[in-house]
Amino acid sequence: MIKQAIFNFIVEKDTKSITVERSFNAPLDPVWASWTQADILCKWWAPKPYECVITALDFREGGRWSYYMQGPTGDRHFCFFDYEAVKVRSSFSGSEGFCDEQGMVNSGMPVMHWNCAFNATDHGTLVRVVISFNSTEDLEKITQMGFKEGFTMGLDQLDELLTSRSA
């Protein structure tokens with residue numbers, strides 16, 4: 001039986017955080033792989049019509065994920081994710097932000113701290129992401145840039161990918 005997906009997106013200005021909970025009707029292993037393996041991650045991370053191009057993915061504590069999102073007109077937005085903690089098939093955390101092509105952090109843009117937890121459920125997998133910001137202004141800047149809409153699109157793309165892989 002396929003259960004309706006859980007989706008919660010909670011912005012908490014008092015704690016300078018965004019909490020996203022999303023369930024998937026897929027076992028833990030393919031959901032975990034979708035967040036940690038470059039060949040799968042690049043297929044869903046960027047909201048359409050953007051494409052995620054991964055230039056490096058060193059998924060380990062102290063490792064870095066470097067990528068850019070490329071738009072249909074060729075515009076590129078370079079980003080990084082520095083992994084701080086990894087518990088295989090359970091959680092990972094780290095800092096994400098915008099950078100230049102060489103990976104130098106763009107100090108004019110917010111850096112976000114992500115805590116991602118993965119839990120098997122009776123009907124699939126629940127992913128809970130808590131994103132913390134240094135200031136309310138940083139939180140507001142990211143939300144005004146369309147983070148909710150873009151991340152929601154990416155998670156929906158992941159759901160489609162997981163569904164097509166299990167069919």
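**Group meeting: strands, aromatic pairs and a pocket**

Hi everyone. Let's start with one spot: phenylalanine 92 stands opposite cysteine 116 in E7.

A quick word on the source. This is a predicted model, where local features need pLDDT of at least 70 and side-chain atom pairs count only at pLDDT 80 or more, while totals for chains, interfaces and linings use all residues. Residues are numbered from 1 along each chain as its sequence is written, and side-chain values use heavy atoms, with hydrogens and water left out.

Back to the strands. E6 and E7 run antiparallel and are joined by six bridges; two strands pair if DSSP finds at least two bridges between them. Cysteine 116 also has a bridge partner in E8, valine 129. E7 and E8 (residues 124–132) run antiparallel too, with nine bridges, and they form a hairpin with two residues between them.

Now, how many aromatic pairs does the structure hold? There are 27. Rings of Phe, Tyr and Trp (its six-membered ring) pair if their centres lie within 6.5 Å; planes under 30 degrees apart count as stacked, over 60 as edge-to-face and the rest as tilted. Take tyrosine 68 and phenylalanine 78, a tilted pair at 5.1 Å centre to centre with 50° between the planes. Tyrosine 68 sits in strand E4 and phenylalanine 78 in strand E5, so this pair ties together parts ten residues apart in sequence. Tyrosine 68 is buried, at 10% relative accessible area, and phenylalanine 78 is buried at 16%. Buried means under 20% relative accessible area, exposed over 50%, and partly exposed in between (1.4 Å probe, protein chains only).

Another pair is phenylalanine 81 with tryptophan 114, edge-to-face at 6.4 Å centre to centre and 70° between the planes. This one links E5 to E7, 33 residues apart, and both phenylalanine 81 and tryptophan 114 are buried.

Finally, the largest pocket. Its lining has 20 residues, and the closest to its centre are Pro47, Met69, Phe98, Phe147 and Gly150. A pocket here is an open set of points on a 1 Å grid over the protein atoms alone, where a 1.4 Å probe fits, with protein on both sides within 12 Å along at least five of seven lines; lining residues have an atom within 4 Å of a point. Which element gives the most to this lining? That is H4, with five residues.

How values were computed:
Helices (H or I, at least four residues) and strands (E, at least two) are DSSP runs, numbered from the N terminus.
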